[in-house]
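Please view the sequence and the structure below before reading on.

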Amino acid sequence: MMKDQAEHLRLKMQGIKKTKALAVLSGKGGVGKSHFSINFALSLHKLGYKVLLFDMDVGMGNVEILMGISTQYTIADVLHGNVSVQEAVSKSSYGIDILSGGTGLNTLVEMDEGDITHLLAQFDVSFVQYDYVIFDMGAGMSKSVLSFLKAADEIVVLITPEPTSLMDGYASVKFMMMESLEGPYNVVINKTSSSREGEIVFGRINKVTEKFLNGQLSYLGRIPTDSAVTKAAMKQVPFSILYPNGKATKAVEELAASFVNPSSTKFLKDGFLARLKHQFLEKRERL
Ligand SMILES: Nc1ncnc2c1ncn2[C@@H]1O[C@H](COP(=O)(O)OP(=O)(O)O)[C@@H](O)[C@H]1O
Ligand SMILES: [Mg+2]
């Protein structure tokens, strides 16, 4: 029933307008999902798209804190029946709209089927006006998370080069693939020290996914470790706003451009030209 609803929603959204719902997740917390979601959303906005950022990491309220905003309503209000999803949406001064997970609510992992059905049912009317809806999903995987993911058009799995992060990321990919979630599965490697490191880490998770799950992952790209990220967090301003020329900003903007138009940057990702380009970029980075 929930599956039907999610699929129905996806088809409906595709039919009415090409709203793309993008779910950002990871195996464990602390890999940079909230920072990525916020700044990826802002990059899409900068490219001219209308974007809603949906903080599904309920119980944390991370997006609000990191953006230095305070929303009037949260998902808790929607679940309690106080307001509709549409009414709960807030405009931010950065040009993207926000739906806050808020604090003091159970985690998504703990939401019951009724809550989820209720939310999913409201999505179609609320989302059609957007080009992209980005879900900051929080960490961990469960049946309830999965029912949300089924409503998404694309999955982004964030991992870092730490072996434990790779394991956790692979575990969530495995869970989703075992549950026949179609994807596409995009992988972003965060907190990297070089583009080569990003490629190597992607290569590892890709290899085990192909070997043991017979599945397909696609490399969206990597984000360097950048002290600007923590500095911006301290100031409660998104790093791409505070440091428009920072290296993390440039990387996220490149990922957004590549996500929107995969063919235009495909040469960056594979083949001979890609390696040349990577070497070139890496050299430039070291300068
Ligand atoms: N590219 C990066 N460079 C440096 N620090 C980062 C980067 N991405 C995330 N961080 C830091 O990692 C921590 C976790 O980030 P956050 O976005 O809250 O993760 P999550 O939402 O996955 O739990 C924060 O302290 C953040 O400042
Ligand atoms: Mg978070």
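Where does ligand 1 sit?

## Model and location of the ligand

Ligand 1 sits in the largest pocket; a molecule is counted as sitting in a pocket or cavity if more than half of its atoms lie within 2 Å of the grid points. The model is predicted, so that local features need pLDDT of at least 70 and side-chain atom pairs count only at pLDDT 80 or more, while totals for chains, interfaces and linings use all residues. Residues are numbered from 1 along each chain as its sequence is written, chains are lettered from A and ligands numbered from 1 in the order in which they are written, and side-chain values use heavy atoms, with hydrogens and water left out.

## The shell around ligand 1

Around ligand 1 there are 15 residues, of which Gly30, Lys33, Ser34, Asn190 and Lys191 come nearest (near: a heavy atom within 4 Å). By class, the shell holds four nonpolar, eight polar and three charged residues; Ala, Val, Leu, Ile, Met, Phe, Trp, Tyr, Cys and Pro count as nonpolar, Asp, Glu, Lys and Arg as charged, and the others, Gly among them, as polar. At least two shell residues come from each of α2 (33–46), β7 (185–192), β8 (218–224) and α10 (227–235), and α2 gives the largest share, three residues. Helices (H or I, at least four residues) and strands (E, at least two) are DSSP runs, numbered from the N terminus.

A polar side-chain atom of Lys33 lies 2.7 Å from an oxygen atom of ligand 1. Backbone N or O atoms of Pro224 and of Asp226 each lie 3.0 Å from a nitrogen atom of the ligand. The protein covers 81% of the 560 Å² of accessible area that ligand 1 has on its own (Shrake-Rupley method, 1.4 Å probe; for residues, only the protein chains shown count as cover).

## The largest pocket

The largest pocket contains about 570 Å³ of space. On a 1 Å grid over the protein atoms alone, a pocket is an open set of points with protein on both sides within 12 Å along at least five of seven lines, a cavity is a set where a 1.4 Å probe fits but cannot get out, and lining residues have an atom within 4 Å of a point. Among the 32 lining residues, Gly30, Gly32, Lys33, Ser34 and His35 are the closest to the centre of the pocket. The lining comprises 17 nonpolar, 11 polar and four charged residues, and its largest share, four residues, comes from α2.

## The cavity

The structure holds one cavity of 30 Å³ or more. About 40 Å³ of space lies in the largest cavity, whose lining includes His35, Asn39, Leu66 and Phe239. Eight residues of this lining are nonpolar, two are polar and none is charged.

How values were computed:
A polar contact is a pair of N or O atoms within 3.5 Å; within protein, one must be able to donate a hydrogen and the other to accept it, and residues adjacent in sequence count only if both atoms are side-chain atoms. Grid points are joined across faces, edges and corners, and a volume is the space filled by probe spheres set on the points.
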